[in-house]
Amino acid sequence: MSEGRVKGRFAPSPSGRMHLGNAMAALLSWLSAKSRGGEWLLRIEDLDPQRCRREYARLLEDDLHWLGLDWDEGGVDGIGPSGPYCQSERSDIYEAALERLKATGLCYPCTCTRAELRATQAPHASDGTVIYPGTCRPAVMPAPWHEPTRPCAVRLAVDSAGEITFTDRRCGPRRSVLARDCGDIVLRRADGAWAYQLAVVVDDALMGVTEVVRGEDLLDSVARQIYLYRLLGAEPPEWSHFPLLCAPDGRRLSKRDSSEAMDSLRARYTPAQLIGRLARLAGLRPDDEPCSPADLLQLYTEQ
């Protein structure tokens, strides 16, 4: 990271109304960037055309404004020099990055379906991940790219990655061997949709993001993203992953939890009351005293 220059980001998927956990992610990423004198970017991660809708993105922006979390760059209308800020409008950029990765000789077409992989492989460890066994990988890598004759996914071989280590600002030192922990990475699906791992690395690099504050459900993605940063010759950001909010029954909050969706929350709270609740849940304050995001800047320290 360049000394004295901080840019954080919030990059939600507009597949439904934001919920309390999304609001927490927005608040903590805003506080982290602003407490360090930095800027805060809003990117709309609408890669999945079946689930993501522009009207949800507009509601998301309205909810952020209501909370007092205004962004310096990005959004649906693309304020700033690094747009467009909706991933659905950045396909040409991802295509150029994919061509660079193909030139390394580490990419290959893959015809395996998710159903086939789940039928033949045991889930990895406790998270249900199925490790790709290399079914379609050429016998010798690197190998020249051969354009497939039918729609196929594009995978990136990870054997050369070795052990990847990094230090998360909240979770501490981490290490991963990609060949063991996830197998070869999908960069583009057979239906042409861009994979999250490629898009997020390309976007964070080109948009100058220097820190990523997000939920710990994405902690396992970091090693894959570091590998992509290396291959693309870009500098990775710092990462900070916080514990996820859960429903009273212990389930992770999702957009299906209507009682914690922003429309329901806005009917029950004022912005200051909801920020106060989030501050308590984040451990910034001992109670739910109403406050604004700016009131929390001096209290924000990473545990």
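Author: Before we start, strands count as paired if DSSP finds at least two bridges between them. This is a predicted model, by the way.

Reader: Fine. How many bridges for S1 and S2, and in which sense do they pair?

Author: Strand S2 covers residues 39-42, and S1 pairs with S2 over four bridges in the parallel sense. One spot to look at is Lys7, which sits opposite Glu39 of S2.

Reader: What's the strand order in that sheet?

Author: The order is S1-S2-S3, an open sheet of three strands with parallel pairing. S1 (7-10) and S3 (73-74) are the edge strands, each pairing on one side only.

Reader: Zooming out, how many helices and strands are in the chain?

Author: The protein chain has nine helices and 12 strands. Of its 303 residues, 50% are buried. Among contacts with a separation of 6 or more, 72% link residues 24 or more positions apart.

Reader: OK, helices. At what angle do H3 and H6 cross?

Author: Helix H3 (residues 91-102) and helix H6 (residues 196-206) cross at roughly 105°, with their axes coming within 10 Å. The two therefore count as roughly perpendicular.

Reader: Which residues make the contact?

Author: From H3 you have Ile93, Tyr94, Ala97 and Leu101, and from H6 there are Leu198, Ala199, Val202, Asp203 and Leu206. By type, the contact of H3 with H6 has eight nonpolar residues, one charged and no polar ones.

Reader: Switching to cysteines: how many disulfides are there?

Author: Zero disulfides in this structure.

Reader: Is Cys152 buried or exposed? And what about Cys182, buried or exposed?

Author: Cys152 is buried, because its relative accessibility is 12%. Cys182 counts as buried too, at 9% relative accessibility. The cut-off for buried is under 20%.

Reader: Last topic, S8. Which residues are on its covered face?

Author: In strand S8 (residues 163-168), Ile164, Phe166 and Asp168 make up the covered face, while Glu163, Thr165 and Thr167 are on the uncovered one. In a regular strand, side chains alternate between the two faces of the sheet.

Reader: And how many bridges join S8 to S9?

Author: Six, and S8 runs antiparallel to strand S9 (residues 172-177). Thr167 has Pro173 of S9 as its bridge partner. Together S8 and S9 make a hairpin, with three residues between them.

Technical notes: Residues numbered from 1 in each chain as written. Predicted model: local features only at pLDDT ≥ 70, side-chain atom pairs only at ≥ 80, totals over all residues. Heavy atoms only, no water. Disulfide = S-S within 2.5 Å. Buried < 20%, exposed > 50% of the residue type's maximum accessible area, 1.4 Å probe, protein only. Axes fitted to C-alpha atoms, helices over the stretch in contact; angles between N-to-C directions. Parallel < 35°, antiparallel > 145°, perpendicular 65-115°, else oblique. Contact = heavy atoms within 4.5 Å. Nonpolar A, V, L, I, M, F, W, Y, C, P; charged D, E, K, R; others polar.
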